[in-house]
Amino acid sequence: ATHRMSGEDFSTRLNDKPTATSILRDVPQESRFERINNILMEKYDLPDLLHLPDPKTSFFNILGEVKKNWSSGITVSLVSIPLSVSLAIASDAPPVMGIVTAVWGGLFAALLGGSEYNILGPTGALSGLLSLYSISYGINVLPLIAIFVGLLCLIVFVLRLQKFFMFIPSAVVHGFTIGVAFIIALNQLVFALGLQNVPRHESFTANLWEALKHIGNTHIWSFLLFVIDTAGLLLLARWKPTFPWVIIFSIFGICLGVWVEVGGFPIRFLTLNTLYSDLSLRLFMIPSFSASYFNFDVFNASLSVAFVTILETLISAKIADRMTNTQFSQPREIFGIGMANLLCGCFGGFPGTAALARTALNIKSGATSRMSGIINAISIALISLLLLRFFKYLLLSMIASILTFTAVRMVETEAITHMFHYDKFMLGFTIVIALIVVLDEPISGIVFGGIVALLMYANHNSEGRGDFSIKKTTRTEDGTSEDYKPLEKQHVVEDLGDTLIFKMLGDLTYLNALSQVEKAKKMIEKTDHLVIIVSLRYLFHMDIDGLDALTEIIHEFENKNNRLVLLSGVQPDVESLVKKAKWFKLKRENGYVFASHRDALAWVERREIAAAQKRTKIHQMYSESSVFPESGREMPPHLTRQDYYDLTENDTPIAPTQHLDV
C-alpha cells in the first residue's frame with residue numbers, strides 16, 4: 001500500500017515465474033553440524049547439542065534436581081571414599097588414584113551416560129585385573145590402560161557392538177564375580193595377619209603362597225581386629241542393609257589409627273601411613289608413560305579390562321532399571337563410560353566401571369536422576385580435599401575388613417540358590433569358571449566360559465526343528481472334508497489321498513542344516529505321499545548352508561516316486577536368499593509357491609477332486625465300451641493318481657476306444 005510501482009514494473013513482476021532452483025534456494029538447508037547432530041541423536045541416542053534449553057529455565061530445573069538428589073548424592077560419596085581408597089590398594093595403586101577415578105569417572109559418567117542411576121568408580125571386578133598389571137609394569141601403566149579402555153569403549157559405541165556383550169550367560173558372569181571375590185578376599189591375608197615385608201608377585205597363587213609361608217609372623221591382635229570388624233560389618237549389613245556401615249567402621253579405624261600413631265596406644269597396629277605417607281589429593285595428575293608400555297601385552301590387558309568394564313556397566317544399569325522401572329540407553333551409556341575412562345587416564349586415574357552396590361545404594365537413598373551421581377562426584381572431591389590426609393591413619397586390618405566385606409557382598413547368593421534349584425549343571429559350570437579365574441587369570445574365565453557357552457548353544461541348535469503332519473482329503477456325501485475329524489465319523493464316498501505337510505521351524509543355518517536334511521530323509525522313507533507341502537512360515541532365518549540344505553530336501557522329496565512339492569509361507573528374509581535359486585524360480589513360474597499352507601491345501605483339494613472326477617468318468621467310459629466289456633475280461637491297466645493328475649491338466653475328452661497310455 002505504501003509502495004507504488006509503474007505499470008511496466010507490475011507486469012514484469014507478474015510475468016516472473018518461480019523456478020526449481022529459486023524454490024530450493026529459498027528452503028532453509030540443513031547445515032553440516034545439524035546433520036551430524038541429527039545422526040548422533042537418531043543413531044546413537046545422544047542428547048540434542050545444538051538446541052539447548054533456555055538458561056533461565058535450565059537453572060531452575062537444575063536447582064530442583066539438586067534439592068531432590070543432594071541427600072542421596074552425599075550418602076553415596078561417604079561410602080565411595082573409603083571404598084575407593086581400599087579398592088585402589090587392592091589394585092596395588094596409591095589411594096589418590098582411586099579418588100581421582102571416583103571423582104572424574106563418576107562425574108563424566110553421570111553427565112554423559114545413558115543411565116540415570118549408575119555410579120562409576122573403582123570396583124572389585126577390576127581390582128584383580130589391575131593388580132596383576134600394576135605388579136607387572138608399575139602403577140604408571142594404569143592411566144594408560146584407562147585411556148586405552150576409553151578408546152575401546154568409544155569404538156564399541158561407534159560400531160554399536162554393545163549388544164553382543166549381553167550374549168554372555170549369567171552363569172559365566174556369576175562365575176567371574178565369585179572368582180574375583182575370592183581373589184580380593186584372599187589377597188587381604190597380609191593385612192589381616194599384620195605381616196610386613198612380604199614380597200609381591202604377579203600371580204595370585206604365588207602371592208597367596210607367599211602369605212602362607214609368613215603365617216608364623218602373624219600379629220595376633222591385628223588378626224583378631226580383622227575378624228571382629230569383618231563379622232561386625234556382615235552382621236550389621238544383614239540387620240540394616242541400607243545403612244552405610246562402612247563409613248562408621250572407617251571413622252573408627254581412623255580414630256584408632258590416630259591413637260596408635262600419636263597417642264601412644266599400647267598395642268601396635270599397622271596403618272596406611274606405613275605404605276603411603278603422602279595422601280595429599282591432586283585431582284589433576286599428569287601421567288608419565290614409558291615407551292615399554294606400548295606393547296601387545298598392555299593392549300591385550302586393555303582389551304580384557306574394557307570387556308569387563310562394559311559388561312559390568314551394562315549389568316548394573318539393567319539392574320537399576322529393574323529397581324526403578326526405567327529404561328537406560330545402551331549406546332549412550334557406552335559413550336559415557338568411554339569418555340569417563342579416557343578422561344580418568346588423562347588426569348592420572350585408573351579404569352573404573354559402574355559399581356552395582358553403590359548404584360543400588362544411590363537408588364535406595366532416594367535418587368531420582370543423574371544429578372545424584374554428579375553430586376556424588378563433587379562431594380567426593382570436596383570431602384577428600386579436606387579429609388583425605390586423615391586416611392593415612394586408617395588401620396590396614398580395617399582396610400582388609402572392608403575389602404573382605406566388599407568381596408562377600410559381590411557374591412549373589414540368591415543367584416546361586418536359583419541355579420541350585422533349577423539347573424545344577426549351570427551351577428557346576430559357574431564353579432568351574434570361578435576356579436579358572438582364581439587359578440589362572442580373571443579374563444581366562446570369561447573367555448573359556450564364553451566359548452563353552454557358544455558351543456553349548458550351537459549344539460542345542462544343531463538339531464533340525466520341523467513338524468510333519470498329514471492332511472487327509474476325502475469326498476463325503478456333502479462335499480470334500482479336510483479337517484482332522486476321525487474318518488469313521490463321516491460317510492466317506494471316496495478317499496482322494498493324503499497330503500504331507502512339512503513345517504520348518506526357527507532357523508536353517510550351518511548349525512542345523514545337516515540335521516534337518518537327515519530328518520527329512522528319514523521321514524520321506526516312511527511315507528508314500530504324492531503331494532508334499534513344505535511350509536516356511538515359521539522359518540525366520542537362513543544362510544547359504546541352509547539354502548543348500550533346503551535345495552537337497554526339495555530334490556530328495558521330488559526324486560522319491562516323482563512327488564509334487566509345493567512351497568508355502570516364504571518369509572521375506574528367507575525369500576531374499578531363496579529367490580535366487582533356479583528351482584524356486586521354476587516353482588514360482590509353475591504356480592507351486594503359495595502364501596500359506598491353507599492356500600496350498602485348497603489347490604490340492606481342487607486338483608484331487610478334478611482327478612477323482614476324471615477317474616470316475618474314464619472308468620464309466622471304458623466299462624460301457626465294447627472294447628473292454630465287463631464280462632470276465634480284465635479292465636484297462638490301472639492308472640496311477642499321477643496319471644489322473646496329468647489327464648486333469650488336459651481337458652481334451654478321451655474317446656472310449658482310445659488307448660489309456662495317452
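User: In S9, which residues point one way and which the other?
Analyst: Leu564, Leu566 and Ser568 point one way from S9, while Val565 and Leu567 point the other way. This is a predicted model.

User: And are those side chains buried or exposed?
Analyst: All of them are buried.

User: What does S9 pair with?
Analyst: Strand S7 (residues 531-535) pairs with S9 in the parallel sense, over 5 bridges. Strand S10 (residues 593-594) also runs parallel to S9 and is joined to it by 2 bridges.

User: Which residues face each other there?
Analyst: Val534 has Leu567 of S9 as its bridge partner. Ser568 stands opposite Phe594 in S10.

User: Switching to H13. How many residues, and what's the reach?
Analyst: H13 covers residues 296-324, which is 29 residues. From first C-alpha to last it reaches 42 Å, close to the 42 Å expected at 1.5 Å a residue.

User: What sits at the ends?
Analyst: Asn295 caps the N-terminal end, with a side-chain oxygen 3.0 Å from the backbone nitrogen of Asp297. After H13 comes Asn325, with a positive phi near 55 degrees.

User: Which residues make the nonpolar surface patch?
Analyst: Ile155, Val158, Leu159, Leu161, Phe164 and Phe167 make a patch of about 580 Å².

User: Where is Leu161, and why does it count as partly exposed?
Analyst: Leu161 is in the loop between helix H7 (141-159) and helix H8 (170-186). Leu161 counts as partly exposed because its relative accessibility is 31%, and that class lies between under 20% for buried and over 50% for exposed.

Definitions and conventions. Residues are numbered from 1 along each chain as its sequence is written. This is a predicted model: local features need pLDDT of at least 70, side-chain atom pairs count only at pLDDT 80 or more; totals for chains, interfaces and linings use all residues. Side-chain values use heavy atoms; hydrogens and water are left out. Helices (H or I, at least four residues) and strands (E, at least two) are DSSP runs, numbered from the N terminus. The expected span of a helix is 1.5 Å times one less than its number of residues. A polar contact is a pair of N or O atoms within 3.5 Å; within protein, one must be able to donate a hydrogen and the other to accept it, and residues adjacent in sequence count only if both atoms are side-chain atoms. Patches are made of residues with over 30% relative accessible area and no salt bridge: like charges are joined within 9 Å, nonpolar side chains (Val, Leu, Ile, Met, Phe, Trp, Tyr) within 5 Å. Accessible areas come from the Shrake-Rupley method with a 1.4 Å probe; for residues, only the protein chains shown count as cover. A salt bridge is a side-chain nitrogen of Lys or Arg within 4 Å of a carboxyl oxygen of Asp or Glu. Buried means under 20% relative accessible area, exposed over 50%, partly exposed in between (1.4 Å probe, protein chains only). Two strands pair if DSSP finds at least two bridges between them.
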